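Please open the structure in your viewer and keep the selection tool at hand.

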Amino acid sequence: MLKKGDGIILLAVVILAVIGFALIKVFSANGNTVTVKEDNKIVYKGSLYENTQIKLEGNTVDISDGYAKMLNADCKNQICVKHKQISKNGESIICLPNRVIVQIN
Amino acid sequence: MSAKQSDSTNKLTAKKLCLYGILTALCIVFGYLESLVSLDFIAPGVKLGLSNAVALLLITKKDLKGAFAVNIARILLCALLFGSPVSLAFSLAGGIASVIFTFLLSKIKYVSVIGLSIAGGVIHNIFQLFVAMIIVGVGAVFYVPVLCITGAVSGALIGIFCSVLLNKLNLLK
């Protein structure tokens, strides 16, 4: 059922995944600023340690004690609300339906 | 059989048209079933992609046109019925790229259906990531490992499913 080429494909996929993991590890130092974008326009930029809540059209972003998270969203799937809170450099919470991005850098 | 085969790959016969219709309908049923079962606990937006089995079967039967036709009809109809413009962009990118790539790979005889399916699954996810990067920016790159693994696992499952089916079916003979 399996042939030689399958092993190569599997190996390529594993390598790709490992490189991805390695990149995440390298860049995952704790960040300190939060950028909130809506429709690719920056609507908020501030320290991760400055406790605040940012109200957007459909979303509320909460920043407290070095963590950022999406408090609520008016979209159907609620993926961004279920996303774990973020603190590390490069991490982001994305709400696709409302085109909102919360990013640490 | 070879004469009949070459005939059937070049001409759109009524029989093939019927087959494509039936397969598209089957894909939509798969799409509906998958929209009912949420696998979001694994990673947001993860799906098994049962309808890709149909495209994969057609590709292994060297019917690229058929695979394209069924896949694109399926994507458009599924987006219309259960999706949104955003999900349409994601599906189209993934669907077209994976069909082309899988077809090219099927030319290599050292690759089995399962390998084709794994490659197709991963390519599908990577191209969806490109769309995500266009929409939300380069930060989406952090999703690569998750996409590789989920793509490979769902691809393997679909591939096993297909290789079992291929032994039982006389599709397009």
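## A tour of the aromatic rings

Begin by selecting Phe82(B), which is partly exposed at 31% relative accessibility; buried means under 20% relative accessible area, exposed over 50%, and partly exposed in between (1.4 Å probe, protein chains only). This is a predicted model, in which local features need pLDDT of at least 70 and side-chain atom pairs count only at pLDDT 80 or more, whereas totals for chains, interfaces and linings use all residues. Residues are numbered from 1 along each chain as its sequence is written, chains are lettered from A and ligands numbered from 1 in the order in which they are written, and side-chain values use heavy atoms, with hydrogens and water left out.

How many aromatic pairs does a search of the whole structure find? Over all chains there are 2; rings of Phe, Tyr and Trp (its six-membered ring) pair if their centres lie within 6.5 Å, and planes under 30 degrees apart count as stacked, over 60 as edge-to-face and the rest as tilted.

Helices (H or I, at least four residues) are DSSP runs, numbered from the N terminus. Tyr32(B) is partly exposed, at 43% relative accessibility.

Next, select Phe127(B) and Phe130(B), an edge-to-face pair with 5.3 Å centre to centre and 85° between the planes. Both residues lie in helix α6 (residues 113-136) of chain B, 3 residues apart, about one turn of the helix.

Methods:
Helix = DSSP H or I, 4+ residues; strand = E, 2+ residues; numbered from the N terminus.
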